[in-house]
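Have the model open in a viewer with residue selection ready. The tour below goes from stop to stop, saying what to select and what is there.

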Amino acid sequence: MSRTGGDSTAVLERAGAETVKRAVELDVASRFQESLVCYQEGIDLLLQVVKATKDEAKKHRYRQKISEYMTRAEDIKKHIEKEKQDGKYHKQIRIEENATGFSYEKVFQEYLSEIVSEVWVEDPYIRSVHQLYNFLRFCEMLVKGPCKVKTIHLLTSYDEGSGKSQQITGLDEIQQSLRNYGVTLNIAFSTSIHDREIRFNNGWMIKIGRGLDYFKRPQGRFSIGSCDFDLRPCHETTVDVFHTKHTKKM
């Protein structure tokens, strides 16, 4: 094996070992969904090591480890599926003050399977311009897929000040734009809504303490993070993910 090839294999070994170590830590902490992702990534890295190395003893050792990790990953999958079926699944993500890397894609994408065709959004604060932009970004994510969303239901509250006309105009524009992509946006208003939650018709329900409005204002119009929400600092909040057998309708 060339030196370059050996260095590459060593890098894969270190990455694989670190990833499965993290998987075990998350597993022990009962953070099963995150643990499963790490097990899967670690297994993939170690399989690449097995493929690249010519050391038969090392191949054998890694194959045994991979088999153990695969067995544990399958057990976790079954556990998660049972919790989903029993309506007991709960995962919590804590977003720290000024944390980055929490775009809508990062938070929601893993729950947007291809069967998702209907979405319910309950958020009392889709009012001001930046909140309308947040909702628009969320809708853009749904349009891009991989889900095949046909209907979005929005329940929000009216702006209490002079911005009510701007709020209605903005929502109407989003509604018209979505129609061009074959998506129907149903808008309803409530004076008593307080909870913030998003539900998909595949059974996933996500509750965010601050709703969709958890991003901080960018430092300037042309500052990093203005366009890419992965780079935008966040307010402190929590994201709670549940799975229910039936998603209620509004």
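Start in the loop between α5 and β3, and select Pro 146, which has its place there. The model is a predicted one. The peptide bond leading from Gly 145 into Pro 146 is cis, and its omega is near 15°.

Although Ser 30 is not a glycine, its phi is positive, near 65°.

**The whole chain**

Now zoom out. Along its principal axes, the C-alpha trace of the protein chain spans about 75 × 45 × 35 Å. Colour by secondary structure: the protein chain has six helices and seven strands. Read from the N terminus, the elements follow the order α-α-α-β-α-β-α-β-α-β-β-β-β.

Next, colour residues 4–86 as domain 1 and residues 90–243 as domain 2. Between the C-alpha centres of domain 1 and domain 2 the distance is 34 Å.

**The sheet**

In what order do the seven strands lie in the open sheet? The order is β1-β7-β6-β5-β2-β3-β4, and the pairing is mixed. Select β1 (90–95) and β4 (184–189) to see the edge strands, each of which pairs on one side only. From one strand to the next, the twist averages 15°.

Within the sheet, select β2 (residues 118–122) together with β5 (residues 197–200). These two strands run antiparallel and are joined by four bridges. Show the side chain of Trp 120, and opposite Trp 120 you will find Arg 199 in β5.

Bring back the helices and select α6 (residues 164–179). Helix α6 lies across β3 (151–156) and β4, and runs at about 155° to β4.

How far apart are the axes of α5 and α6? The axes are 10 Å apart, and the two helices pack at an angle of about 10°. This angle is why α5 counts as roughly parallel to α6, the cut-off for that term being under 35 degrees. The crossing in which α5 passes α6 is right-handed.

To look at the contact, show side chains on both helices:

- On α5, select Val 129, Leu 132, Phe 135, Leu 136, Cys 139 and Val 143, which meet residues of α6.
- On α6, select their counterparts Gln 166, Gln 167, Gly 170, Leu 171, Ile 174 and Leu 178.

How many of the residues in the contact of α5 with α6 are nonpolar, polar and charged? Nine are nonpolar, three are polar and none is charged.

Terms used:
Residues are numbered from 1 along each chain as its sequence is written. This is a predicted model: local features need pLDDT of at least 70, side-chain atom pairs count only at pLDDT 80 or more; totals for chains, interfaces and linings use all residues. Side-chain values use heavy atoms; hydrogens and water are left out. Domain bounds come from an automatic or database domain assignment. Two strands pair if DSSP finds at least two bridges between them. Axes are lines fitted to C-alpha atoms, for helices over the stretch in contact, and angles run from 0 to 180 degrees between N-to-C directions. Contact means heavy atoms within 4.5 Å. Angles under 35 degrees count as roughly parallel, over 145 as roughly antiparallel, 65 to 115 as roughly perpendicular and the rest as oblique. A crossing is left-handed if the near helix is turned anticlockwise from the far one by less than a right angle, and right-handed if clockwise. Ala, Val, Leu, Ile, Met, Phe, Trp, Tyr, Cys and Pro count as nonpolar, Asp, Glu, Lys and Arg as charged, and the others, Gly among them, as polar.
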